[in-house]
Amino acid sequence: MVASVTVGETMTAKVYIPTPFRSLTEKQARVEVHSGTVGGALDELAARFPGLRERLRDAQGALHGYVNVYVNSQPIDDLQGEGTALKDGDEVSIIPAVAGGDIFTEEQVKRYSRHLLLADVGPLGQRKLMNARVLLIGAGGLGSPAALYLAAAGVGTLGIVDFDVVDHSNLQRQILHQTDDIGKLKVESAKESIGAMNPNVNVEAHNMILDSTNALELFKQYDIIVNGVDNFPARYLANDAAVMLGKTMVDAGINQFEGMVSVYQPGQGCYRCLYPAPPPPGAVQSCAEAGVLGVLPGIVGSVQALETIKLILGIGEPLIGKLLLFDALTMEFRTLRTRRDPACPVCGDHPTITALIDYHEFCGIPQPPELVEQRAAEEDSHVREAEPVAVGAS
Amino acid sequence: MMMIELPRPLADDLVRHAREAQPDEVCGVLGLRAERVVRLERARNAAATPTVRFTFDDDGYRRVMQLEREGLEIGIYHSHPASAPYPSATDRAEMSATWPDCLQLMISLRHDATTGPEVKAYRIDRNGVVSVEDLALVDG
Ligand SMILES: [Zn+2]
Ligand SMILES: [Zn+2]
């Protein structure tokens with residue numbers, strides 16, 4: 001606290017009281033003080049008007065950051081602070097700060113500063129990201145980079161559906177999971193990694209096998225579906241469910257050294273328009289069978305995150321009606337045009353598939369053992385019309 | 001509840017200021033007499049991140065002092081370039097601590113390209129409770 005200097009009764013300065021404080025100064029707009037310094041004058045006021053001290057100073061006695069003090073229109077920060085001497089006839093003005101701003105916290109302003117600088121993102125775009133709900137199918141090779149980049153970008157809600165536990169063989173490419181996570185549920189491990197990356201993100205973990213009985217209910221809750229499945233039954237299931245609900249899906253697939261990405265938007269074609277029927281069982285090997293270069297899903301999943309962000313922001317040209325092919329060995333990206341097939345059984349002019357079907361039977365693949373377990377557990381609760389489909393991680 | 005009157009020329013100034021600074025938020029001080037806005041003075045937005053924050057600079061505070069000296073009631077205006085013309089959580093936290101019950105004029109440009117700017121008036125009390133004030137555009 002600054003000691004006041006008494007210069008006698010001849011010294012009279014006026015303190016201008018701002019509107020918000022006048023309820024404490026008996027409605028007076030100007031109060032005379034006789035202290036020789038600004039700090040002394042403020043204390044003199046505080047002593048005279050109960051309640052004013054708390055409005056001016058914090059518990060440690062420092063002037064609140066939002067209280068600005070001027071002497072004859074000069075900010076005291078440019079003078080000698082509270083030690084600034086007062087002369088006869090000086091006018092001291094107290095002005096509370098005038099400030100406000102967006103919903104962003106200071107932390108968010110810093111975190112998203114590079115987005116806020118972009119004309120195509122800015123506060124409006126960042127708010128769109130923060131309000132978006134994205135569902136990631138699979139917390140594996142594709143889902144990992146997609147989830148981390150979407151989380152880093154500030155997508156408000158990330159749903160993640162996976163039934164698997166983290167295995168040693170996942171760590172070569174599934175960057176959501178660490179060595180310590182082996183044996184943990186993938187959705188739990190994913191939730192921890194995302195929380196560490198960006199605690200602003202709300203992660204909804206769905207530890208279950210996506211199947212014909214739960215896909216619609218789950219997809220319904222999200223704006224965009226990011227597909228990172230590694231098997232054909234799940235791919236057709238996710239496609240059909242997205243079409244039936246009118247949800248946009250950011251689809252991708254990888255195989256050894258090659259990847260593909262496409263965005264299926266309602267009314268503009270779907271996976272079945274390109275691939276009406278699955279390949280014969282065994283004709284295409286999975287990652288587990290054929291292997292995959294670890295960084296490949298990193299690139300492809302990152303493209304999925306980018307496409308998702310473009311869709312949320314409504315900027316650029318997402319891969320709608322286009323198929324992006326990536327060859328990691330030649331480092332070539334090619335884009336093919338695709339078309340909606342009017343004869344498509346799900347999104348065509350006269351769809352023949354209007355409810356989810358048995359996708360294992362459709363693909364001629366037996367159910368994996370995990371499904372038999374989930375089915376047995378569900379058997380009591382309800383009778384299903386269709387077979388479940390495993391969602392593994394690529 | 002009293003009706004706040006906003007003369008058209010001042011409303012035009014307000015819109016011009018908000019548009020010129022896009023995508024930054026703008027702020028300024030109002031002088032009121034008998035529930036009518038009679039002065040509108042721009043303040044420089046001195047916030048470090050003006051797209052999402054606003055704060056007066058010293059000149060802005062001098063304008064507040066000047067209008068008070070003229071015996072006018074003080075009001076504050078600011079813009080929301082992209083969001084609704086409603087006090088944000090940040091606005092409520094700041095204003096309830098600093099200028100409670102003061103008239104707040106807010107202009108939103110979220111639909112400026114299609115349906116035009118939106119202007120609303122509020123007061124925020126010491127507890128951060130927002131009350132809406134009726135606002136009428138009046139001639140000259
Ligand atoms: Zn605001
Ligand atoms: Zn189709």
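Which residues does V155(A) touch, not counting residues up to four places away in sequence?

Analyst: V155(A) touches L129(A), A132(A), V134(A), L150(A), V201(A) and I312(A), leaving aside residues up to four places away in sequence. Contact means heavy atoms within 4.5 Å. This is a predicted model, in which local features need pLDDT of at least 70, side-chain atom pairs count only at pLDDT 80 or more, and totals for chains, interfaces and linings use all residues. Residues are numbered from 1 along each chain as its sequence is written, chains are lettered from A and ligands numbered from 1 in the order in which they are written, and side-chain values use heavy atoms, with hydrogens and water left out.

V155(A) belongs to the largest nonpolar core, which has 43 residues. V155(A) is among those with the most contacts inside this core, together with L136(A), L150(A), L158(A), I160(A), I194(A) and V300(A). Helix α12 of chain A, residues 295-313, gives the most to this core: eight residues. A second, separate core holds 24 residues, including C27(B), A43(B), V64(B) and Y122(B). A core here is a set of buried Ala, Val, Leu, Ile, Met, Phe, Trp, Tyr and Cys residues joined through side-chain atoms within 4.5 Å. Buried means under 20% relative accessible area, exposed over 50%, partly exposed in between (1.4 Å probe, protein chains only).

Now the chains. Chain A has 14 helices and 14 strands, and 53% of its 394 residues count as buried. Chain B has three helices and eight strands, in the order β-α-β-β-β-α-β-α-β-β-β. Of its 140 residues, 56% are buried. Helices (H or I, at least four residues) and strands (E, at least two) are DSSP runs numbered from the N terminus. Among contacts with a separation of 6 or more, residues 24 or more positions apart account for 65% in chain A and 66% in chain B.

The chains meet through 29 residues of chain B and 32 residues of chain A. They bury about 2,700 Å² between them, 55% of it on carbon and sulfur atoms. That figure is the accessible area (1.4 Å probe) lost by two parts on being put together, summed over both. Across the contact, 16 residue pairs are in polar contact, both at pLDDT 80 or more. On chain B, β4 (53-55), α2 (58-69), β5 (73-80) and α3 (89-98) each supply at least two residues of the side that touches chain A. α2(B) has the largest share, seven residues. A polar contact is a pair of N or O atoms within 3.5 Å; within protein, one must be able to donate a hydrogen and the other to accept it, and residues adjacent in sequence count only if both atoms are side-chain atoms.

Two salt bridges link the chains. One joins R22(A) and E68(B), 2.2 Å from N to O. R69(B) forms a salt bridge with E91(A), at 2.8 Å between the closest N and O atoms. R69(B) lies in helix α2 of chain B and E91(A) in strand β5 of chain A, so the pair joins two chains. R69(B) is partly exposed at 38% relative accessibility, whereas E91(A) is buried at 15%. A salt bridge is a side-chain nitrogen of Lys or Arg within 4 Å of a carboxyl oxygen of Asp or Glu.

Over all chains, 31 salt bridges are found. Within chain A, K87(A) and D90(A) pair at 3.5 Å, N to O. K87(A) is exposed at 54%; D90(A) is buried at 4%. Within chain B, R123(B) and E133(B) pair at 3.1 Å, N to O. R123(B) sits in strand β7 and E133(B) in strand β8 (residues 130-138), so the pair ties together parts 10 residues apart in sequence. Both R123(B) and E133(B) are buried. Bridges that share partners also join R39(B), E41(B), R63(B) and E70(B) into one network.

Helix α3(B) has buried residues T90(B), D91(B), M95(B), S96(B) and T98(B). Their cover includes β5 (91-96) and β6 (99-101) of chain A, together with β4, β5, β6 and β7 (118-124) of chain B. In strand β6 of chain B (residues 103-108) lies S108(B), buried at 0% relative accessibility. The side chain of S108(B) reaches the backbone nitrogen of R110(B) at 3.1 Å.
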